[in-house]
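Me: I would like to learn how to read charged pairs and helix packing in a model like this one. Could we go through them one at a time?

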Amino acid sequence: MTASRPDSGQVRRQERGRRRMAQILDAAEDTIAEVGFEEATTNAIAARAGVSPGSLYQFFRNKDEILDGIVERYTTTSQEFWDHQLSGEGARMELAAFLDRVLGALAAFKTERPAFWVLFHGSAASPKLAVVAEQIRAGIGDRLREVFRQRAPEVSEERLELLAAITISTVRGVLPMVLNAPPERRAALLAETKALLLGYLGPALEGEERGGNERATGKVPR
């Protein structure tokens with residue numbers, strides 16, 4: 001017995017539906033980036049998407065369901081982004097090149113998806129978003145710690161956790177200034193951020209600090 005093939009018309013309708021949902025979510029992101037989630041209305045989102053409010057409600061019953069769609073999109077997109085940036089390749093790169101790549105890609109990612117930053121940065125006012133943001137940060141911390149572990153396997157787990165936590169907090173603190181700066185100033189700010197992190201991480205991950213400690217205590221590295 002052979003499985004029945006899906007009707008071609010049904011497939012086309014499903015594809016059109018997926019495109020329309022993506023179109024609405026794109027419009028929602030742009031609207032939220034401009035006015036914030038609380039001020040964004042379904043009518044404004046529908047107008048920006050080029051659809052009627054009735055068409056929007058066929059896919060999303062209310063603004064909270066639109067938010068759910070954005071959260072799902074952000075979670076998936078963020079996971080893919082960090083899977084690529086914090087792959088095993090990062091452990092084999094020179095630290096300066098690794099920081100260059102990650103900081104540049106992160107700034108571009110946040111610039112391209114400004115609604116993500118509006119919704120998730122400092123989202124403690126929304127318990128739902130705060131939980132999602134914390135889960136994502138925990139995942140980033142785990143991946144970053146693994147990259148650091150591969151670079152410096154002799155460093156203790158406790159120290160690796162601190163290095164990852166301080167790195168993430170530093171980037172979170174500096175990135176709003178970078179994103180809010182005029183485009184011609186962003187490269188300089190990213191360069192300063194890289195220098196800051198290189199000065200902090202370099203001694204721990206590239207041996208200078210460990211070598212200095214060993215010399216100070218009279219221990220000879222094996």
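This is a predicted model: local features need pLDDT of at least 70, side-chain atom pairs count only at pLDDT 80 or more; totals for chains, interfaces and linings use all residues.

Reply: Side chains of opposite charge can pair when their charged atoms come close. Here Glu-15 forms a salt bridge with Arg-18, and the closest N and O atoms are 2.9 Å apart. Both residues lie in helix 1 (residues 8-35), 3 residues apart, which is about one turn of the helix.

Me: Which parts of the chain does the salt bridge between Arg-151 and Glu-206 link?

Reply: The side chains of Arg-151 and Glu-206 meet at 3.7 Å, N to O, and this pair links distant parts of the chain, with Arg-151 in helix 8 and Glu-206 in helix 10 (residues 183-206), 55 residues apart. Arg-151 is buried, because its relative accessible area of 16% falls under the 20% cut-off, whereas Glu-206 is partly exposed at 41%.

Me: How should I read the packing of helix 6 and helix 9?

Reply: Two packed helices are described by the angle between their axes and the distance between the axes. Helix 6 (residues 95-112) and helix 9 (residues 157-180) pack at an angle of about 60°, with their axes 11 Å apart, and they are therefore oblique to each other.

Me: Which residues of helix 6 and helix 9 meet?

Reply: Leu-103, Leu-106, Ala-107, Lys-110 and Thr-111 in helix 6 meet Val-171, Leu-175 and Leu-179 in helix 9. By class, this contact has 6 nonpolar, 1 polar and 1 charged residues.

How values were computed: Residues are numbered from 1 along each chain as its sequence is written. Side-chain values use heavy atoms; hydrogens and water are left out. Axes are lines fitted to C-alpha atoms, for helices over the stretch in contact, and angles run from 0 to 180 degrees between N-to-C directions. Helices (H or I, at least four residues) and strands (E, at least two) are DSSP runs, numbered from the N terminus. Angles under 35 degrees count as roughly parallel, over 145 as roughly antiparallel, 65 to 115 as roughly perpendicular and the rest as oblique. Contact means heavy atoms within 4.5 Å. Ala, Val, Leu, Ile, Met, Phe, Trp, Tyr, Cys and Pro count as nonpolar, Asp, Glu, Lys and Arg as charged, and the others, Gly among them, as polar. A salt bridge is a side-chain nitrogen of Lys or Arg within 4 Å of a carboxyl oxygen of Asp or Glu. Buried means under 20% relative accessible area, exposed over 50%, partly exposed in between (1.4 Å probe, protein chains only).
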